[in-house]
Amino acid sequence: MKRGFLNTHKAKQRVAEAIDEESNKKPSPKQSKNKDEKKEWYVVIIDVIAHTVKPCCCSSDSGIRAAYADLNTIDPHKLPKIVQEQIDNDKNCVGYGKTRILFRVWPRDPKGDIIKPSPLRGKEAGNGIDLWSATLYDFYHVLRAPDVKNYLTISTSSRLAKWMRQHGELIADDELYWADKEEDPKEVPVVDIGELIRCYDARVTSGILNQFSSREEIREKEKTSGSAFSHSDLKKATDEGDLTPPTPILQQRIPLHLLPQKLYVHDPWNKLTVDMGDSDHKTPWHSKVSKRGDIVRSYSLSLAPEGKEAASKAQKLAEMAEDEAAKKESVLHIFPTAKEGPTEELLIEVVLPVRSKKIMNVEEAHLYLSPRAVGFGNHSIVHSVEWELPRDLFMEARLCEACVEDVREQIQKLKDEGKWETLLKDPAENPEETTQEWSEEERFTLEPPRVVRIATYSGPVLRIHTSVKWRSPSEEQCDHKKSSFGSGPVPRTAVVGVIAKLSIEDDCHLVREANNYQSFPDHFFQHWNGYNVISPIQDPVPVGALCPQFYGYYTPDDPTDSRYSRQPRYLSPILLVEHCGREIDPNGLCQDDKQECASLMLRFHHAGWLHDSFAARNILWQQGKPTEWPIDRPHSGKSFRLIDFGRSKKSERAAMMTEGEIAFRLLRLLHHALK
């Protein structure tokens, strides 16, 4: 039998007949099909009857097909080939072009119990929606009553496995085995902004880029390069439809207690006045500042009472965690050999110095407004901006392991000088005195040898206290780090790209939106593995973040702008959020994407919130996922985010049903797709 799904009609028919007769000749799920090959095989049962009742799939042969698949060749996030071909080849099917459907059925014992509604729950992501599975292969159609044909319901492998075991129905041994192997739900972190900044730094030091900052003193050194917001760059970005700033995009969450308390806003085009700004967008940034000077206004962080309380609690917990971490001893083992077993050679146990504490608060930051707006709403204007923050906020101090492992060379040096045996016989009682006597290159002190037993080593161990230092990103790096990231120094700050939302005068939507961001549950901002099935949608949808990350709401310290104007004039508050792409075009979305957009609204409702302003302009899309590296995103699918929560509120179920109908009509889903 070939690996993968069976290809011949005769083979498929024979396997299906064997399953119908409950033959015991199929391979065991935990054994190899052939004795000579130690591989796992699994029965994939494809429910064609279930396909016929789903609007996204076409009718086909009745009955159940089965095929053996090598577990090592299955991509659990793609449909089986025969299922995908069935969908792709029927262009009259409503869901033509789909890549996510339910295609499996859980076998039932004809004498089994009826599956009644119960509080039993399976694995769930952070949003608490009960139908969650790690892969497409973990969703099932199942007969609630074994003797009532087509009385189907949707469930998950973890939930069904728990129910079947409680009721003693264990005939689906393959499905139970697969359920036991399912991955647990977990939050998936976005790409580390610190690594993106390091990559940006490496390109700067190598000469590919020549600008770290939008600060005047840095810009003046590189006048020939222009600003990140030069007209040519903005025009090119606008023409190509790519409004993403050239700096690394900040997409990871910043805890409320780490948001800058003071914000200095650089606004040479005077855009904070909303209606009175300079319309000259052709002048490059450095020329604009050198001729007319920069306009810098100070803003202060303004959190709602709920946000202030959450920030205070988070800061206390972070300080406690840092204190506990400082008490723990950290060691690095340098093994004498890669082979297991006893040895007389020394294992070197290096006691690492205490890491410097992480940053606990940010006093100030700088914001640089772009001259062109990238979006307009009924009550707001959106600008793509550069946000300059302390580099330590994103990049922790590092200890070079290569420097620590240099003790091997130091030990060899002592052996060559004849000092090694003397040190082992009479180790220093006071390590500090010994450290002072050695040169700066000798970065360790010794303790008496002892014998330890761990999983892969049994023999003598030499304990060494290293004096290699933790280095912050802006400090001079050792030779090992210089070879990796270049030898040039980097500033103590880093620049990232975010979105600044400004408000028209006498409008309350922006402050309400900021307060809502602080009230949203954590799972609105989190990316999770796996998929949800959310009624009335009956296909799996990804569980990415629902809304943009919130980076603070700032109000002007001088609301009348007396420093730059003789007459009192309006200055807009600033809402900083994540850059999430551009507005969707519902007519340009495939069925999967439409369902994912609708699922954002359904998840919002599930948490008890009403958006109250659902429209195509309030759903943004970007290529790829924030959890993927930028180099991989062009080859990935779209991801979506719900925005504009100035009218959102906690609401009753009836209003949510009305809004859900609006969403399905806009996206042409369910019965609206047939019009």
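Modeller: Happy to. Keep in mind that this is a predicted model. There is an open sheet of three strands, ordered β20-β22-β23, with antiparallel pairing.

Colleague: Which strands stand at the edges?

Modeller: β20 (582-583) and β23 (638-642) do. Each has a single partner strand, so one side of each is left without a neighbour in the sheet.

Colleague: How many bridges join β20 to β22?

Modeller: Two bridges, and these strands run antiparallel; β22 covers residues 619-623. E583 stands opposite L620 in β22.

Colleague: Nice. What lies across β22 and β23?

Modeller: That would be α17, running at about 30° to β23.

Colleague: And how does α17 pack with α18?

Modeller: Helix α17 (residues 591-606) and helix α18 (residues 653-667) pack at an angle of about 170°, and their axes are 10 Å apart. An angle over 145 degrees counts as roughly antiparallel, so that is how α17 sits relative to α18.

Colleague: Which residues meet there?

Modeller: From α17 you have K594, C597, A598, M601, L602 and H605; they meet M656, E659, G660, A663, F664 and L667 of α18. By class, that contact has eight nonpolar, two polar and two charged residues.

Colleague: Changing topic: which residues have the most contacts inside the largest nonpolar core?

Modeller: W387, F394, F550 and L576, in a core of 74 residues. A second, separate core has 28 residues, including W106, L131, Y137 and L176.

Methods:
Residues are numbered from 1 along each chain as its sequence is written. This is a predicted model: local features need pLDDT of at least 70, side-chain atom pairs count only at pLDDT 80 or more; totals for chains, interfaces and linings use all residues. Side-chain values use heavy atoms; hydrogens and water are left out. Axes are lines fitted to C-alpha atoms, for helices over the stretch in contact, and angles run from 0 to 180 degrees between N-to-C directions. Helices (H or I, at least four residues) and strands (E, at least two) are DSSP runs, numbered from the N terminus. Angles under 35 degrees count as roughly parallel, over 145 as roughly antiparallel, 65 to 115 as roughly perpendicular and the rest as oblique. Contact means heavy atoms within 4.5 Å. Ala, Val, Leu, Ile, Met, Phe, Trp, Tyr, Cys and Pro count as nonpolar, Asp, Glu, Lys and Arg as charged, and the others, Gly among them, as polar. Two strands pair if DSSP finds at least two bridges between them. A nonpolar core is a set of buried Ala, Val, Leu, Ile, Met, Phe, Trp, Tyr and Cys residues joined through side-chain atoms within 4.5 Å. Buried means under 20% relative accessible area, exposed over 50%, partly exposed in between (1.4 Å probe, protein chains only).
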